[in-house]
Amino acid sequence: MTHLAGDSTITCLHWLTAVAARVTPGRQLPRELSEAMAVPKRKHSNSRTGKRRAHDGKKAPHVCFCEQCSQPVPPHTVCPNCGSYMGRKVMEVES
Ligand SMILES: [Zn+2]
């Protein structure tokens with residue numbers, strides 16, 4: 001770290017101190033460092049991480065079927081196969 005000049009050295013020191021504070025629960029940061037950056041007070045529990053990731057799973061897309069041609073269509077969408085919506089023809093489809 002001696003090769004770094006000025007601000008970079010200070011930033012690196014901040015980072016190291018923050019890491020040390022994270023792995024040592026309850027350790028107080030020096031005032032000038034705690035004002036410089038936010039440091040989590042304690043570790044996130046595995047439970048909390050799991051709760052956050054509960055909605056991260058990939059879900060299958062919803063599928064409806066066209067009333068005219070029975071092709072699978074995304075909901076609230078004009079059928080790309082026959083151009084109908086809710087059983088009514090609403091657009092011309094090139095074939
Ligand atoms: Zn259709």
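**Exercise 1. In which loop is glutamine 71 found?** Then classify its exposure and list its contacts.

Conventions: the model is predicted, local features need pLDDT of at least 70, side-chain atom pairs count only at pLDDT 80 or more, and totals for chains, interfaces and linings use all residues. Residues are numbered from 1 along each chain as its sequence is written.

Solution. 
- Step 1. Glutamine 71 is found in the loop between strand 1 and strand 2. Strands (E, at least two residues) and helices (H or I, at least four) are DSSP runs, numbered from the N terminus.
- Step 2. A residue is buried if 20 or more other C-beta atoms lie within 10 Å of its own, exposed if 12 or fewer, and partly exposed in between, with C-beta atoms placed from the backbone. Glutamine 71 has 12 other C-beta atoms within 10 Å and is therefore exposed.
- Step 3. Two residues are in contact if their C-beta atoms, placed from the backbone, lie within 7 Å. Not counting residues up to four places away in sequence, glutamine 71 touches Phe65, Cys66, Cys79 and Asn81.
- Step 4. For asparagine 81, ten residues from glutamine 71 in sequence, the C-alpha to C-alpha separation is 7.3 Å.

**Exercise 2. Characterise methionine 91.**

Solution. 
- Step 1. Methionine 91 lies in the segment after strand 4 (88–89).
- Step 2. Methionine 91 is exposed because it has 11 C-beta neighbours inside 10 Å.
- Step 3. Apart from residues up to four places away in sequence, methionine 91 touches Val78 and Gly83.
- Step 4. Between methionine 91 and proline 80, eleven residues apart along the chain, the C-alpha separation is 9.4 Å.

**Exercise 3. Summarise the chain and the confidence of its parts.**

Solution. 
- Step 1. Three helices and four strands make up the list of elements, in the order α-α-α-β-β-β-β.
- Step 2. Of the 95 residues, 3% count as buried. Among contacts between residues at least 6 apart in sequence, 0% join residues at least 24 apart.
- Step 3. pLDDT is the predictor's confidence in each residue, from 0 to 100. Its mean over the chain is 80, and 64% of residues reach 70 or more.
- Step 4. Among the elements, helix 1 (residues 7–23) has the lowest mean pLDDT (55), and helix 3 (residues 46–52) has the highest (97).
- Step 5. Over residues 1–6 pLDDT stays under 50, and the model has four contacts for them beyond four places in sequence. Where pLDDT is low, predicted coordinates should not be read in detail.
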